[in-house]
Amino acid sequence: MNLGQFILMRHELLLTIAAVFVLIAELAINEKAKSKIIPIALGVFALVTLIGFIPAEPGVLFGGSFQSSPLTSFMKNVLNLAVLIIFLQSEGWLKKPENLDKVSEYFILTIATLIGMNFMISSGDFLSFYVGLETATIPIAGLAAFDKLKSRSAEAGIKLILSSALSSGILLFGLSMIYGATGSIYFTDIAQNLSATPLVILGFIFFVAGMGFKISLVPFHFWTADVYEGAPITVTSYLSVVSKGAAAFTFSIILFRVFNAVFDQWQHLIYVLAVMTMTIANLFALRQDNIKRFLAFSSIAQAGFILLGILGAGELGMTAVVYFVLIYVFTNLGAFGVATSVYNASGIETISGYNGLYKTNPKLSLLMTLSLFSLAGIPPVAGFFGKFFLFTSAAGRGYYILVLIAVLNATISLYYYLRIVKAMFIDQNDQPVPLFRSSPMMRASLIICLAGIFLVGFVSGIFEYIRDLSHLFFN
Amino acid sequence: MTGFEYTVLIPLIPLVMFLLIGLLTVKWKPEVFGIMGTIGLGTSFLLSVVTAVNYFFIQGPGAGGFQCITPVKVTWLRLTESLHIDLGVLLDPISVMMLVVITTVSFMVHIYSMGYMKGEPGFQRFYAFLSLFTFSMLGLVLATNIFQMYIFWELVGVSSFLLIGFYYEKPSAVAAAKKAFIVTRFADLGFLIGILVLSFVTKTFDFDQLTSTTNTSIFTSGASLSFMGMSALSWAMLLIFMGGAGKSAMFPLHIWLPDAMEGPTPVSALIHAATMVVAGVYLVARMFPVFHFQAPDALEVVAWVGGFTSLFAAVIAMTQFDIKRVLAFSTLSQIGYMMLSLGVSGYGGEEGLGYMASMFHLFTHAMFKALLFLGAGSIIHAVHSNDMNDMGGLRKYMPVTHITFLIACLTISGVPPLSGFFSKDEILVAALEHNPILFGVEFLTAGLTAFYMFRLYFRIFWGTERHYHHTPHESPLVMTIPLMVLAFASVFSGFLPFSELVTSDKIGFETETHLMVAIPSVLIGVIGIVFAWFLYKKDSLVPKAITEKLGVLYKATYNKFYIDEIYLFMTKKVIFNYVSRPVAWFDRNVIDGFMVGIGRVTEKTSYRIKEMQSGQLQHYAFAFVAGTLVLVLSLLYFL
């Protein structure tokens with residue numbers, strides 16, 4: 001066997017090495033100096049992220065079970081980048097005394113889930129896909145329950161693991177039906193033998209339900225709010241950005257590659273899910289006061305928008321989805337970064353607690369505002385371009401009414417995004433969050449997000465680059 | 001590689017300066033920001049000069065004249081394969097010339113403002129806005145396509161708004177800023193529609209393709225399209241000219257410019273004399289081949305609008321007392337000259353005399369008008385008033401300002417061998433060849449120009465002294481040096497061999513002074529000056545007597561022919577009452593009602609379904625499974 005082939009798996013291998021490295025570092029480091037693991041893990045992870053950007057030719061491994069192309073590598077790089085930002089943001093929280101003895105666990109668990117996600121993206125058959133999915137899910141339950149002495153965190157963990165067990169069960173059930181109908185678990189074989197029989201449709205819907213759980217589409221989304229609220233805030237941002245992004249990537253790859261034959265059926269399904277997800281999530285987001293819960297519903301609504309890109313199908317749809325997720329990484333992590341800093345400094349998690357934040361912390365408030373504008377899709381920030389291309393890709397397929405619904409929903413979302421802006425800038429507060437200075441790592445992460453929010457939209461080369469990648473992917 | 005890649009830095013440096021000066025929250029001394037901005041612009045200025053020398057003299061014209069170079073170009077938004085919005089840098093004779101004009105004046109204004117704006121609150125903000133404006137203006141002239149131009153066109157509008165309204169605590173400044181913005185924005189609407197029509201017909205935004213004289217196939221598809229008896233292309237060009245007329249303050253869209261004098265005086269020099277207001281002229285020049293070959297009727301409109309504005313503004317300028325307003329109307333009048341000159345021009349060789357003359361006049365005018373404004377600023381700085389009734393006999397106190405101002409007045413009056421003489425002479429020749437009436441208008445305007453400029457000059461520097469609060473003093477060096485530099489440019493820029501550098505088809509040609517035009521035009525200038533001398537050298541009652549004789553006519557002129565009032569009547573009385581009110585009613589009752597209704601329903605639904613999120617895991621699981629089953633059933637049975 002030619003070992004050179006393993007360059008195709010560089011992301012997964014490197015991440016595994018990184019996880020093992022952190023594990024060993026944990027053993028080697030003195031009990032009293034556990035916080036030293038943070039810079040070590042960060043450094044290693046930054047290196048891994050950097051190496052991931054080295055380009056490689058497309059190819060397959062293990063008889064087609066593992067597929068790699070520049071597009072999948074790009075997706076993995078996006079996820080790596082997101083995790084790097086999250087790691088930067090989690091420093092302050094990890095340094096709290098109650099977390100100091102579990103620092104390495106945090107890194108190992110996170111990297112482990114990331115490995116699972118990478119395998120999901122690169123999977124070439126349903127078995128490797130499923131293994132990847134579970135690897136990506138189970139450690140997250142551990143992460144959600146990370147503050148294990150807090151009952152809410154423990155509750156989040158248990159809720160996540162139970163709902164995920166249910167969804168995995170349904171998903172597996174669906175996959176077995178598809179296997180029964182086509183006699184194969186390989187994507188290429190299934191794609192060739194698939195026809196719209198009731199069995200296939202049943203299996204397909206079960207599959208969508210399982211994925212819908214990961215991306216948190218309505219009505220498979222109920223776990224989201226409780227878990228997001230209960231989990232530690234960096235875990236929440238991980239769930240809402242990386243976990244969701246990876247699932248969206250995988251979902252679109254499998255829909256386009258495997259279920260292309262039943263496009264007529266799945267377009268209706270995705271259509272309905274998109275409408276429900278956007279609308280219901282928006283309705284819930286309207287009346288949240290907890291910032292994490294609020295961002296949870298906002299992220300569900302964003303997932304609804306992603307479905308519009310998926311409906312665009314093919315090259316353009318794929319480009320729009322990847323581009324949107326890339327922007328979403330910077331945007332949502334910008335918002336979460338500010339929320340994390342505020343929480344670390346004051347313990348405040350409610351929107352009313354943000355009243356008057358501009359007076360005391362103008363820079364953070366501005367960044368938060370920009371992030372929220374980007375989430376709402378207001379030009380000239382990147383979020384506008386992301387939504388713009390999602391909408392064009394759906395409109396390109398003739399879904400004008402859906403685009404109209406999406407635009408209406410974007411308008412509703414503007415209301416609740418602006419509510420936070422109003423709280424920060426206009427609402428009076430006798431005891432606003434006092435002025436504080438975030439740690440250097442946090443500030444670095446916020447600067448990265450800020451740059452991303454502006455640059456990704458304006459530098460058109462990025463969109464063109466992704467388009468070239470997905471062109472390569474489909475041909 | 002064209003060797004001109006560095007030109008992209010010329011606009012980028014001011015942009016970086018804007019971001020730095022605008023966003024740095026450190027508490028440095030304000031002067032530091034001024035110096036930062038000035039150094040940034042100085043660099044841009046040097047680069048522009050290097051570019052111009054390289055382009056015009058080192059590289060020189062090729063066999064087919066000067067080349068059109070696009071050293072930098074990126075596709076920003078791809079709409080269709082052929083129609084895409086690019087951002088880039090386009091170098092050709094007019095854009096290189098504009099680079100020099102803009103950076104020279106802007107650099108001078110940057111230096112000058114260090115003295116003029118000293119101690120003002122908002123000094124840092126002022127420099128940030130200046131940099132933003134310069135960036136936008138440079139982006140505008142370097143645009144490779146009409147859409148990029150439009151983007152920067154709007155940015156110019158915004159930065160002009162910010163600068164006019166710089167003293168935002170003054171209601172009149174706020175009103176002026178709003179007025180300028182709304183009027184130009186209204187004109188830009190025409191511009192945008194024009195762009196859309198043009199790109200619809202030609203399927204391209206690129207100047208390169210639009211102005212190509214060899215490949216005119218892109219226009220053929222639009223030739224058959226017409227609307228209300230005029231071809232679509234003529235409409236497009238007229239609408240585009242409307243945008244240009246708005247920025248260049250051509251009649252009847254000129255009303256914002258006099259009010260814009262509320263901004264700080266250096267801003268008036270930069271924006272409302274030398275750069276932004278000539279953007280419209282530049283636009284017409286940029287699109288000139290399209291105007292000439294595809295829409296000659298639109299070009300005729302350009303000529304007449306320009307001619308009328310120049311006379312109209314010159315007449316008003318004679319009656320104004322606010323020295324900056326006199327200069328503002330004078331600017332209108334001079335830009336009218338440029339527009340007219342473009343309008344009467346032909347294409348290629350000597351035929352294109354008007355084009356070349358217009359660009360020439362743009363160049364010289366930028367120098368002497370900036371000089372006049374900065375001189376006026378120096379005077380205002382000394383006597384703390386804009387009103388010429390508060391001035392008189394200042395020549396003793398302000399020698400440098402006096403001499404440079406005199407030079408500028410002589411230049412604008414067309415006294416040889418100062419630069420204004422050459423450029424105005426070419427315009428008159430071009431007008432005479434095209435249409436004697438337009439020539440007559442311009443000829444008369446030349447006399448009026450000399451008269452009102454010297455009225456201004458004599459009333460400020462001669463006549464009896466007023467009671468000044470404190471003895472007026474000459475401005476500091478940092479303000480007088482830019483005056484001297486610009487005076488130098490005003491005197492000598494007439495000797496530039498413009499006809500060999502900037503021409504309609506980029507091929508140089510020889511010009512000579514046409515004595516048959518030059519002698520009368522100098523004479524009428526001198527007559528104007530002599531009149532002013534008699535009336536205003538010493539305080540006398542004659543002017544007052546004349547104005548009383550003229551009665552209504554004078555009053556109408558003094559009130560700028562009531563154009564503002566007509567606008568106010570049209571908007572406040574007619575449009576507000578008969579259009580806006582019904583629309584507002586409809587908006588408030590029907591549309592708002594509908595929207596509020598949606599809001600209420602959303603709010604209520606949101607409240608009702610709150611219960612769904614119970615926190616109970618078994619409920620969630622139920623919803624999950626039930627949802628899946630509903631989807632299965634509906635997909636299996638309804639499809």
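Chain B has an average pLDDT of 83, and 96% of its residues score at least 70; pLDDT is the predictor's confidence in each residue, from 0 to 100. The structure is a predicted model, in which local features need pLDDT of at least 70 and side-chain atom pairs count only at pLDDT 80 or more, while totals for chains, interfaces and linings use all residues. Residues are numbered from 1 along each chain as its sequence is written, and chains are lettered from A and ligands numbered from 1 in the order in which they are written. For the complex, the predictor gives an ipTM of 0.84 and a pTM of 0.70.

Chain B contains 26 helices and 4 strands. The C-alpha trace of chain B spans about 100 × 60 × 50 Å along its principal axes.

Of the 639 residues of chain B, 51% count as buried. A residue is buried if 20 or more other C-beta atoms lie within 10 Å of its own, exposed if 12 or fewer do, and partly exposed in between, with C-beta atoms placed from the backbone. Among the contacts in chain B with a separation of 6 or more, 80% are between residues 24 or more positions apart. Two residues are in contact if their C-beta atoms, placed from the backbone, lie within 7 Å. Leu12(B), in helix α1 (residues 9-23) of chain B, counts as partly exposed because it has 15 C-beta neighbours inside 10 Å. The C-alpha atom of Leu12(B) is separated by 44 Å from that of Asn389(B), 377 residues apart along the chain.

The largest nonpolar core has 198 residues, and those with the most contacts inside it are Met237(B), Val284(B) and Ala370(B). Helix α16 (residues 353-383) of chain B gives the most to this core, with 20 residues. A nonpolar core is a set of buried Ala, Val, Leu, Ile, Met, Phe, Trp, Tyr and Cys residues joined through C-beta atoms within 7 Å. Leaving aside neighbours within four places in sequence, Val284(B) is in contact with Phe241(B), Gly244(B), Phe291(B), Val302(B), Met339(B) and Leu342(B). Another core, of 184 residues, lies apart from it and includes Leu160(A), Phe305(A), Tyr343(A) and Leu402(A).

In chain A, helix α15 (residues 362-376) has 15 residues and should span 21 Å at 1.5 Å a residue, which agrees with the 21 Å between its end C-alpha atoms. The expected span is 1.5 Å times one less than the number of residues. Because 12 of the 15 residues of α15(A) are buried, this helix is largely enclosed by the rest of the structure. The buried residues of α15(A) include Leu364(A), Met368(A) and Phe373(A). Their cover includes α12 (291-312), α13 (314-346) and α17 (400-425) of chain A, among others. Gly377(A), which follows α15(A), has a positive phi near 85 degrees.

The contact between the chains takes 22 residues from chain B and 27 residues from chain A. On the side of chain B that touches chain A, β1 (69-78), α25 (563-608) and α26 (617-638) each supply at least two residues. The most is given by α26(B), with 11 residues. By class, this side of chain B has 13 nonpolar, 8 polar and 1 charged residues. Ala, Val, Leu, Ile, Met, Phe, Trp, Tyr, Cys and Pro count as nonpolar, Asp, Glu, Lys and Arg as charged, and the others, Gly among them, as polar.

Some backbone features fall in loops. A cis peptide bond with omega of about 5 degrees joins Val218(A) and Pro219(A), and Pro219(A) is in the loop between α8 (198-215) and α9 (222-230) of chain A. Another cis peptide bond joins Phe251(B) and Pro252(B), with omega of about 0 degrees. Pro252(B) is in the loop between α9 (232-247) and α10 (256-259) of chain B. Ala249(B), also in the loop between α9 and α10 of chain B, is a residue other than glycine with a positive phi, near 55 degrees. Ala249(B) counts as buried, with 29 C-beta neighbours inside 10 Å.
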